[in-house]
Amino acid sequence: MLELVKNPNFDFIGFRKIALWASLTVIVLTMLILALRGGPRYGIDFTGGAAITFSFQQEVSAEEVRQALAAAGEKSYEVTHFGDKRHVLVRLKVLDTTRDYLTPIQQQFDQRFQGNTYTVDQNDLVGPKIGTELREKALLALLFSWIGIIIYISIRFEAESFLGVLGTLVFGLIVLSISQAKAVLSSDILTLLLMAGSLAVMAYICVKFNFKYAVGAIAALIHDVFFTLGLLTLMNVEVDLTIIAALLTIVGYSLNDTIVLFDRVREEYPKERKHLPMDTIINNCVNHVLSRTIITAGTTLLAVIVLLFFGGEVIRPFALAMTIGIIVGTYSSIYISAPVLIYWQEKFGKGQELAGKKVQA
């Protein structure tokens, strides 16, 4: 592999306590902000509403479109350009799906933009009930991704805990069955209770069956999701289906980064554990994969930054969430998953456990 840094020897793990406290502080602040604001600002995908795209023959300002919408009697709306200033995306809050919201808008456009003809390219309507169900399913998708990751990492790194893997699989199927109940899908409180209960059971399974690698990976993923969601909330970005897609992509990206590091730990620990303390071994492993980390994160970041600046309004929230997630995911594989693994081994390890069964790549 191409080595960008020859024989690196940076003391990454030496700053783990500072990094852990900084991350904990940010997560607590994020939860406080979310609580004070009554949760994230959901888009029409989750609250119900209409998304209409117009193509004008000539450029039109967003302010003129807003004035037309206000004159049409609309009270809650957003106007953004996409592509260029001839194309306009209008998002409306529509609680009554039987209401004819498009005709009054077109009448105002016909009056205000005489000589500037336009066409309605797309008109999508999401009812409040469908929006609520989509929101609940999106939250459950995040939960199932965490359960799946516990199963995957346990099989990959800790296959000797057969009962633990089997128990996690059965637990995941039970949660999947409960989550399909209509009462759960239509209630934020029941969904959050299901998620909180599931996280508690997953924590118990990890402790009971000593899933040390899974604990490190899950801690990093929860950190990444909360961190990204918190920053998006601070930036007043709407949480819609594209943001959920970005969060699930971040989960996959962060997991891949963590697995590369854990694979190297599994290779080095059996050879070095008699001569070096565990934190030194893991620090060496972080340095060994540093070039790969820089190349992977750098090229991925470059692609999403291009989308962020040149991809247009529709793709911009996804690109913004991915930009934050890639930076946070790279950081968490070094300063969250690895320190949790060190803490677990120092607290509960028996010296040789990390050197157990050899991993098959």
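These legends describe close-up views of a predicted model. Residues are numbered from 1 along each chain as its sequence is written, and side-chain values use heavy atoms, without hydrogens or water. In this predicted model, local features need pLDDT of at least 70 and side-chain atom pairs pLDDT 80 or more, while totals for chains, interfaces and linings use all residues.

**View 1. The four-stranded open sheet.** The strand order is β2-β3-β1-β4, with antiparallel pairing; two strands pair if DSSP finds at least two bridges between them. Helices (H or I, at least four residues) and strands (E, at least two) are DSSP runs, numbered from the N terminus. At the edges lie β2 (77–82) and β4 (118–126), each pairing on one side only. From one strand to the next, the twist averages 20°.

**View 2. Strands β1 and β4.** β1 (residues 49–56) pairs with β4 over eight bridges, in the antiparallel sense. Gly-49 stands opposite Val-126 in β4.

**View 3. Leu-247 in helix α10.** Helix α10 spans residues 241–272 and holds Leu-247. Leu-247 is buried, at 2% relative accessible area. Buried means under 20%, exposed over 50%, and partly exposed in between (1.4 Å probe, protein chains only). Leaving aside residues up to four places away in sequence, Leu-247 touches Leu-142, Val-225, Thr-228 and Leu-229; contact means heavy atoms within 4.5 Å. The C-alpha atoms of Leu-247 and Ile-153 are separated by 19 Å.

**View 4. Leu-163 in helix α6.** Leu-163 lies in helix α6, residues 162–179. Leu-163 is exposed, with a relative accessible area of 60%.

Notes
Axes are lines fitted to C-alpha atoms, for helices over the stretch in contact, and angles run from 0 to 180 degrees between N-to-C directions.
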